[in-house]
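Visitor: Hi! Could you walk me through this model? I'd like to go from single residues to the whole fold.

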Amino acid sequence: MTDRSWWTSIDPKVVETVCEAEATWTMFAAGMKAFESEYGVQVRLAVNPFTGDVEAVGVQGDVSRLPGRWTNPDPRRRRRPYKTNTEGRRLLAALVWKRPRIPGLPAGMSVKAGANRFTVWTDTFTLGNVAWAVTGPGVPVDDPVDETLWRPAVEREYVAARHAHDKEDGPVEPARDA
């Protein structure tokens, strides 16, 4: 088991892959915002516990502009398309972000808390020609960090880079369901 770790890489292949991952996340967020403005609802998201993919699990708000029939709100105020509403199901199924595989990093870390086990997914971003990553505490769900591609970083360096990145691009983080 390892503690939360911060990493940096200047390997061109790693930096390119992380840039592509950021671009797909930005396109996903833009598509989700377009869906929300077109239909006047908020998309409710969840992280797939097995893959780390971010998936639309329903909508919140007035569904009158959406096609087909939708369920009444559940306790979390999410509305989902009825099984027979294939058009509504197709619209939600299109709102998925597939977690990319970053060279030299585990997809996530498996953590045991009491009787439960959960996964903390690895987060990456680029600033200039440098890729940054943070892995959670625990045991890697796949391969451990490849230290020929990634070098350890100090938390304050990571936080400073994250703040600079978010100022530069603005954070693109859609709301997620718990």
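Visitor: Where is Arg77 found?

Guide: Arg77 is found in the loop between β3 and α2. Helices (H or I, at least four residues) and strands (E, at least two) are DSSP runs, numbered from the N terminus. A word on the source: this is a predicted model, where local features need pLDDT of at least 70, side-chain atom pairs count only at pLDDT 80 or more, and totals for chains, interfaces and linings use all residues. Residues are numbered from 1 along each chain as its sequence is written, and side-chain values use heavy atoms, with hydrogens and water left out.

Visitor: Thanks. Is Arg77 buried or exposed?

Guide: Arg77 is exposed, with a relative accessible area of 53%. Buried means under 20% relative accessible area, exposed over 50%, and partly exposed in between (1.4 Å probe, protein chains only). The phi of Arg77 is near 65°, a positive value in a residue other than glycine.

Visitor: And Ser64, where's the place of that one?

Guide: Ser64 is in the loop between β3 (54-61) and α2 (86-93). Ser64 is exposed too, at 57% relative accessible area.

Visitor: What about Val57, buried or exposed?

Guide: Val57 counts as buried at 19% relative accessibility, and its place is in strand β3. The C-alpha atoms of Val57 and Val43 are separated by 7.8 Å, and these residues are 14 apart along the chain.

Visitor: Switching to rings: how many aromatic pairs are there in the whole structure?

Guide: A search finds six aromatic pairs. Rings of Phe, Tyr and Trp (its six-membered ring) pair if their centres lie within 6.5 Å; planes under 30 degrees apart count as stacked, over 60 as edge-to-face and the rest as tilted. One of the pairs is Phe35 with Tyr39, which is tilted, at 4.9 Å centre to centre and 50° between the planes.

Visitor: Why are Phe35 and Tyr39 separated by about one helical turn?

Guide: Because they are four residues apart in helix α1 (residues 12-39). Phe35 is buried at 7% relative accessibility, and Tyr39 is buried at 14%.

Visitor: Why does the pair of Phe125 and Tyr158 count as edge-to-face?

Guide: The ring centres of Phe125 and Tyr158 are 5.5 Å apart and the planes stand at 65°, so the pair is edge-to-face. Phe125 lies in strand β7 (residues 123-127) and Tyr158 in helix α3 (residues 155-169), so this pair ties together parts 33 residues apart in sequence. Both Phe125 and Tyr158 are buried.

Visitor: Which residues do ring pairs link into a cluster?

Guide: Trp25, Phe28 and Trp97.

Visitor: Which residue lies over the face of Tyr82?

Guide: Arg69 does, at 4.3 Å from the ring centre. A charge sits over a ring if NZ of Lys or CZ of Arg is within 6 Å of the ring centre and within 35 degrees of the ring normal.

Visitor: Zooming out, what does the secondary structure come to?

Guide: Three helices and ten strands, running β-α-β-β-α-β-β-β-β-β-β-β-α from the N terminus on. The C-alpha atoms fill a box of roughly 55 × 40 × 25 Å along the principal axes.

Visitor: And what share of the residues is buried?

Guide: Buried residues make up 43% of the 178 residues.
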